[in-house]
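Student: I'd like to talk through how the parts of this structure pack together. Could we take a look?

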Amino acid sequence: MAREYETVIGLEVHVELATKTKIFCGCSTEFGGEPNTHTCPVCTGMPGSLPVLNKQVVEYAMAVGLAANCQIHQKCKFDRKNYFYPDNPQNYQISQLYLPICYDGWVEIETEDGKKKVGIHEIHMEEDAGKLIHDDWEDCSLVDYNRSGVPLIEIVSEPDMRSAQEVIAYLDKLRTIIQYLGASDCKLQEGSMRADVNLSVREKGSDMFGTRTEMKNLNSFKAIARAIEGERERQIDLLEDGQAVVQETRRWDDNKECSYPMRSKEDAQDYRYFPDPDLVPVLISDEWIDDIKSRQPELRTEKLERYKKEFDIPQYDAEILTSSKKLADIFEASAAICKKPKKVSNWLMGEALRLLKEHNQEPEDLSFSPENLAKLIQLADGGTINNKVAKEVFEKIYSENIDPEQYVEEHGLKSVSDEGALRSVIEEIVAANPQSVEDYKGGKKKAIGFLVGQTMKAMKGKADPGAVNKILQEVLEK
Amino acid sequence: MDIQSLTAVRLGEKIKKKELSAVEAAQAAFAQIAACEKEYHCYVTVEEEKAMEQAEQVQKKIDGGELTGPLAGVPVAIKDNMCTKGTLTTCSSRILGNFVPTYTAEAVKCLEQAGAVILGKTNMDEFAMGSTTETSYYGVTRNPWNPQHVPGGSSGGSSAAVAAGECFYALGSDTGGSIRQPSSFCGVTGMKPTYGTISRYGLIAYGSSLDQIGPVAKDVADCAAILEVLAVHDPKDSTSVKREDTDFTSALTGDVKGMKVGIPRDYLGEGLDSQVKEAVLKAARSLESQGAQVEEFDLSLVEYAIPAYYVIASAEASSNLSRFDGIKYGYRTEDYEGLHNMYKKTRSEGFGEEVKRRIMLGSFVLSSGYYDAYYLKALRTKALIKQAFDKAFEKYDVILGPTAPSTAPKLGESLEDPLKMYLGDIYTVSVNLAGLPAMSVPYGIDSQGLPIGVQLIGDSFQEKKIFRAGYGLEQTREDQDRLAPVLRKEGR
């Protein structure tokens, strides 16, 4: 009989924090500057420069740790991880090994078998490296230190996950928590959230761990799921073949859907960690922890309950709206302006999600202002524009964040409900379509639809459908 | 008038009284550099043009009443491990042979704001690793008291420049005695303040947890005045301390009555030159005669200071010096194949023997499997040494002892046996391990005509007690001890 295997997975998740400045200097963390423009002696490793810790980094790390039920090391320290590579200007990374800021926490995820806790081993703060650009034409490498010193937290889970689904649920949970805290936008594609997967397999029922591998280069939830399936199968095949799994770091190639060894345990580097003498221990008082706790924003679970209660939003809709901090923010801001939460919810649940899917985007990519959505709802509700026009205008809001009032005005999209103007057009339509009139009068009530359509066409879609129906009936009944 | 033999404070007074201008002071320094530099080689870089321009600007500010401090217009030399914007900063290493910083070290900025005129950058042991200034890539510095002897190190260029009158005062840095020992060898006064007193921003790190910048000058009053300018809290240095008690010159009373002075018996034992010992005891008698209470005591743990120091300093250095890789600045080897070969060749060619020895030692003690046995043990030793000093300072205001076991050795004697050279740091390194302030004050001359320094050690933040005792000692010092022959009339 074939042996049954269990997958054991632990995650190391790197999250880029949303601070305005870098972790150890005052340089901007903004994305996309010209190479080496967001740099200074500190983040380019100039001799004699010294790091000074950005307090906001500690606060974000604490906020994430507290939301993930962690303990806080009230005296935590930074250590140097020594290795030579040109993207790392000092040839050491300032990180935390011996006393990470947060430890011993958990988050709860939903699985097929109900709720489950995934343990958090630790969360530590560290600096990001620069970026190497290999120029094949010139046969040289260039380095951009704009990302050097951007603050990261690394969240190390316990090996508590057993399937790709659990891993995705865990990542989703982390992402939601961190986004709600405003600590990061957590975009996998852009690298502001990165996950390394530690995976081993063992026979079901065994309580020994198998030899694990670490998988890197996972840029989307789908890639993570595929990599987990792939690595699980690879390890099982090895074991079934009587071979051993080698402890190593592997790189996932999502196009080829397979992985390659990067380095094995034998050539693992000795990082010669030691406490960074340029930084003093971070002392975290009870008051500071209390202050962070008191400033924790409403997290998803609380928000979801409030939406149901306060706005009478159904469970499913509330779940979707709160699944992303961005979506929830737009919802609340728009609802506060137009005082029509249900209408706002409908627009977001309907048109906004449809367009996101169509553009293959995440809710975090939504870039329109809540004011414009609120204005659109007012225009549609007040009958200034009809539904069809409203949807068109929404697409413009979605893509270009236009002001709907101005747009409707400039493009002459207001509904025509002026009786006189409508009546004369309708009379012309009726006169031009004797067959339909005859059908209608002969009892084919559906024929009115054709006439409505003709009228709307003649009005270039701007007629108020209610008014068209009413006048058309009057004309036909004459 | 013999300008070169003036102390910094005296020169500052004359400039203030318009008896001399900043420009004349700088000219006097450059005249002395022209006369002596060939023999002593105190500097890696002399910046005459820049300095003369700066002197003119400073004089304008003095005339305009903008600069009124005691050091306004006084020319200074800076150890070549402190970054100076636009001026070559080499750490006396080949690997930084072309490094021109884009920023100025905070300590140097403090001096500039006080009206200092920067003459140039002084020679040192490569990356401050050494006790003789012989490990410099740019040639040895010679002792102005006798050019056959070393000036000490690593701040040998700074100490020799002060002794030879090639500057009026200098900045040095002290990781294990690098200000105090060369000051002792060159017959000048050098102080290492409490760790955290002077910003390390822009000081190219050797052992970050031990490094402190400090003044090298002709006497105690100069050191106090210079330290007043330098002791400024700097938010750019996380280890910088906010201090309120920085009116150091107020301690120059000449009154040591009632001070309790301890002499560690452990400092007077085997390995100490008898003439140095005699100088220490003479200093003790001088303080006693002025009303201080002096007694010997057992400090303990002295023999562990050197191993702990070399483990910690080398460990930090191995990491601090890893940024010198040929990628971003400094020397890069000419021919290489691929990244790792470039690293290897650049660093093999760019660093000297002593630096490589310490990088290897430091890398070893941090490597997995040895970290606990060496690095952690050294940290625990460091903590115990601090405790031993804490205990001593419950009883004594200052500790008096030798600065170095002997006077300056001859050139070439020390490098043959690095272990023996390391042992020469025995009286200085524990001060750095404990983060304490200490000062070397010239006190006597040995039979070879070389100066002897005695060391005063204080508790953390108790520099004033050191200045008080040191100033007291100076009052009874014999006059011929004061200046190197080159600055004495009979020496010409």
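This is a predicted model: local features need pLDDT of at least 70, side-chain atom pairs count only at pLDDT 80 or more; totals for chains, interfaces and linings use all residues.

Student: Which hand does the crossing of H9(B) and H12(B) have?

Tutor: H9 spans residues 302–320 of chain B and H12 spans residues 371–395 of chain B, with their axes 9 Å apart. Among the residues making the contact are B:Ala308 of H9(B) and B:Ala378 of H12(B). The crossing in which H9(B) passes H12(B) is left-handed.

Student: How are H9(B) and H12(B) oriented to each other?

Tutor: The two helices pack at an angle of about 125 degrees. Angles of 65 to 115 degrees would count as roughly perpendicular and those over 145 as roughly antiparallel. H9(B) and H12(B) are therefore oblique.

Student: Which element gives the largest share of the side of chain B that touches chain A?

Tutor: Chain B puts 30 residues into that contact and chain A puts in 24 residues. On the chain B side, the elements giving two or more residues are H9 and H11 (353–366). The largest share, 3 residues, comes from H9(B).

Student: Which strands stand at the edges of the sheet in chain B?

Tutor: The sheet is open, has 11 strands with mixed pairing, and its order runs from S1 to S8. An edge strand here has a single partner, so one side of it is left without a neighbour in the sheet. The edge strands of chain B are S1 (43–46) and S8 (293–297).

How values were computed: Residues are numbered from 1 along each chain as its sequence is written. Chains are lettered from A and ligands numbered from 1 in the order in which they are written. Axes are lines fitted to C-alpha atoms, for helices over the stretch in contact, and angles run from 0 to 180 degrees between N-to-C directions. Helices (H or I, at least four residues) and strands (E, at least two) are DSSP runs, numbered from the N terminus. Angles under 35 degrees count as roughly parallel, over 145 as roughly antiparallel, 65 to 115 as roughly perpendicular and the rest as oblique. A crossing is left-handed if the near helix is turned anticlockwise from the far one by less than a right angle, and right-handed if clockwise. Two residues are in contact if their C-beta atoms, placed from the backbone, lie within 7 Å. Two strands pair if DSSP finds at least two bridges between them.
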